[in-house]
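Work through the exercises below with the sequence and the 3D view side by side. Try each task before reading its solution.

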Amino acid sequence: MGDGISHPDASLSAQVGTASGPHSGTSGVPIPILEARRISKSLGVAAARIQVIDHVSFDVAEGEFVSVVGPSGCGKTTLLMCLAGLYSLDAGSIQFAGHPITEPPPGLSVVFQDYSRSLLPWKSNLENVVFGMRRLADLSRQTKRETAREILASVGLSRFENHYPWQVSGGMQQRVAIARGLAARSRLLLLDEPLAAVDAQTRAEMQDLVLELAQRYRQSCLLVTHDVDEAVYLSDRVIVLSQRPTRVVEEIMVPLAKPRDQIATREDRLYLDIRHALLERIRALKTSVPATGP
Amino acid sequence: MRWSKRLFGVILFFLLWQLISASGLVSAEYFPAATTAARALLGMLATADFWASFATTAVRLFTGLAIALALGLGLALLTARAVLFRRMLDPLVEIMRVLPPPALVPIAIYGLGLGPRMFLFIIVNAAIWPIYINAANALSSTEPMQILTGRAYGYSASQILWRLRFPAALPEIFIGIRIAAGFALLATIAAEMLAGTNGLGYQLYNAGFSLETPQMFALMFVIGVFGVVIQMLTILARRIFISWHTTLAAMAQPL
C-alpha cells in the first residue's frame with residue numbers, strides 16, 4: 001500500500017489507561033445497551049424466501065466489545081442490518097439504550113462491509129467522514145471538519161483527506177469507512193468485517209486503533225467477523241452463530257487483560273485456549289447438517 | 001493531434017464539395033460551390049438582420065431549454081418521492097417523447113397563437129423528456145448501499161433525496177441535458193420553419209424556397225456550428241458541476 005500508519009499520539013494512549021471498564025453497573029451487573037430478544041428474519045420473496053435468522057437473543061453491555069462469528073453465509077450481515085434498524089424484523093424485538101429499534105437510532109453507527117459502495121464518490125474522504133457526523137448537530141461545520149481531520153490522521157490518511165475514495169486503495173477506503181463510523185461518536189458501533197481488505201500489518205494496527213478509540217470515546221462495539229483470531233483479540237465476549245437459519249450456539253467470555261497487546265496477548269495461554277475452543281466449535285458446525293428452519 | 005485530425009475531416013469535406021461543384025456534375029443553381037456559400041456566409045455575417053435572427057433563435061432555444069430543465073428535474077424529483085405518480089406518468093411520457101416536434105405545431109398555433117409561447121411550448125416539449133427520463137431513472141437507481149449508509153447515519157428520506165440520490169444522479173442528468181440541447185435546437189428550427197416570422201429557421205426556409213441557395217447553405221452551416229457550440233456548453237457545464245465524475249470516467253476509460 002505504501003502509506004504508513006501514524007502512531008497514535010501520546011494523549012490518546014494516556015486516556016486509554018484511565019477509561020472506565022466495560023462493566024459500569026454499580027452492582028457489578030452490566031447495563032445492556034443492546035438487547036436482542038428472539039429475533040427472526042427471512043429474506044427474499046415467495047418461493048425464494050429463506051429464513052436467515054432464527055430466534056437469536058443476546059445482549060451487549062455498555063462499554064463491552066462483543067464479536068459475532070460463524071460460518072460464512074450464516075447471516076451475520078443480515079443480523080447486523082437488523083440490529084442497525086435497517087431491516088425490519090419478522091419476529092422478536094431489539095432494544096437500544098432502553099428503546100425499541102424501528103429505524104436507525106441516534107447513538108448507533110455502522111461500518112459496512114461493502115465499504116467501497118457505501119462511500120460517496122462525489123465527496124472527498126474528509127467530506128465522507130463529515131457525512132457520518134450528521135447527528136452531532138451541536139458541532140459547527142468547522143469543528144466537524146477538524147474532528148474528521150484528526151480521525152483521518154489517526155487511521156493514517158492525513159495525506160489523503162482531499163482525495164476521492166476511488167482515488168485510494170481498497171485498504172485505505174476501508175479505513176475511511178472506519179473513520180466515518182468512529183467520527184459519529186456513537187454509543188454503539190456496529191462493525192461488519194471492517195478489516196477484511198487491509199494487509200496483515202495494517203490490520204493489526206487498525207485492531208489496536210479500534211480498541212483504543214472505542215475506549216477513548218466509551219463506545220460499545222459489536223463486531224461481525226469470520227476471523228476467529230481477530231474476534232478473540234478484540235472482544236470481551238464472542239458469540240458463535242450456527243449455519244443458516246442462524247441461531248446462537250455458544251457465548252464465550254474472553255477475560256484477557258487489557259490493554260491488549262499484539263504480541264503478548266496472542267501468546268497468552270488463555271487466548272490460545274479460547275481460540276482453540278472456538279475453532280473446534282466452528283469446524284463442528286461446518287461438518288454438521290444444517291438445521292432446517294420451521 | 002486529435003483536433004488536427006478532426007479539422008482534417010472537415011477540410012476534406014469542403015474540398016470534395018468544391019471539386020464536385022467545379023466538375024459541373026450538379027447544377028450550380030441548386031448546389032453552389034463551397035466558395036460561393038462561404039462568400040454568402042461572410043456577407044451575411046456583416047448584416048444586422050442576420051444577428052437579429054440569430055439572437056431570436058438563441059433566446060427561444062435557451063429559454064425553452066431552461067424551462068425544460070426546471071420542469072423536467074422538478075417532475076423527476078416529484079416522481080422520486082411518489083412512485084405511484086411515476087407509474088401513472090410514464091406511459092404518457094412514452095407517447096409524448098416520440099412525437100416529432102413539427103407534429104405539435106398546428107395544435108400549438110390553435111392553442112397559443114403565433115407568439116413566443118407557441119415556440120416555447122414546442123421547444124419545451126422536445127427538450128423536457130430526455131431530461132425527465134434520465135433524471136427519473138437515475139434517481140430511482142441509486143446504489144442501495146449509499147441509501148443504507150444515509151439511513152444508518154440519521155438522514156431523513158428527503159435529505160437522502162437531496163444529499164445522496166440527487167448528486168449520485170447528476171452524471172446521468174447531464175447526459176439528459178446534452179440530448180435535450182440537441183432536441184431543443186431541432187425543435188426551434190422546425191417550429192421557425194413552419195410557423196415563424198423571424199429566426200434562423202425562418203431565414204433558412206425563405207432562402208431555400210426563393211432559390212437563394214448560397215444563403216441557404218450558409219445558414220445550414222451556421223445552425224450546425226451553433227449546435228456544436230451548444231453541445232460544448234453542456235460538456236463544459238458538466239465539467240464544472242461534476243468534476244469528480246469527469247476524473248472518474250477518465251480513469252475508467254484511458255484514452
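**Exercise 1.** How many helices and strands does the secondary structure of chain A come to?

*Solution.* This is a predicted model: local features need pLDDT of at least 70, side-chain atom pairs count only at pLDDT 80 or more, and totals for chains, interfaces and linings use all residues. Residues are numbered from 1 along each chain as its sequence is written, chains are lettered from A and ligands numbered from 1 in the order written, and side-chain values use heavy atoms, without hydrogens and water. Helices are DSSP runs of H or I with at least four residues, strands runs of E with at least two, numbered from the N terminus. Chain A has 10 helices and 10 strands.

**Exercise 2.** Find the strand order of the open sheet in chain A.

*Solution.* Two strands pair if DSSP finds at least two bridges between them. The six strands run 6-7-8-3-9-10, with mixed pairing. Strand 6 (108-111) and strand 10 (248-253) of chain A are the edges, each pairing on one side only. Inside the sheet, strand 3 (65-69) and strand 9 (237-241) of chain A pair in the parallel sense over four bridges. There A:Val69 stands opposite A:Val240.

**Exercise 3.** Which strands does helix 2 of chain A touch?

*Solution.* Contact means heavy atoms within 4.5 Å. Helix 2 (76-83) of chain A packs on the sheet and touches strands 3, 6, 7, 8 and 9.

**Exercise 4.** What percentage of the residues in chain A is buried?

*Solution.* Buried means under 20% relative accessible area (1.4 Å probe, protein chains only). Of the 294 residues in chain A, 53% are buried.

Conventions: Axes are lines fitted to C-alpha atoms, for helices over the stretch in contact, and angles run from 0 to 180 degrees between N-to-C directions. Buried means under 20% relative accessible area, exposed over 50%, partly exposed in between (1.4 Å probe, protein chains only).
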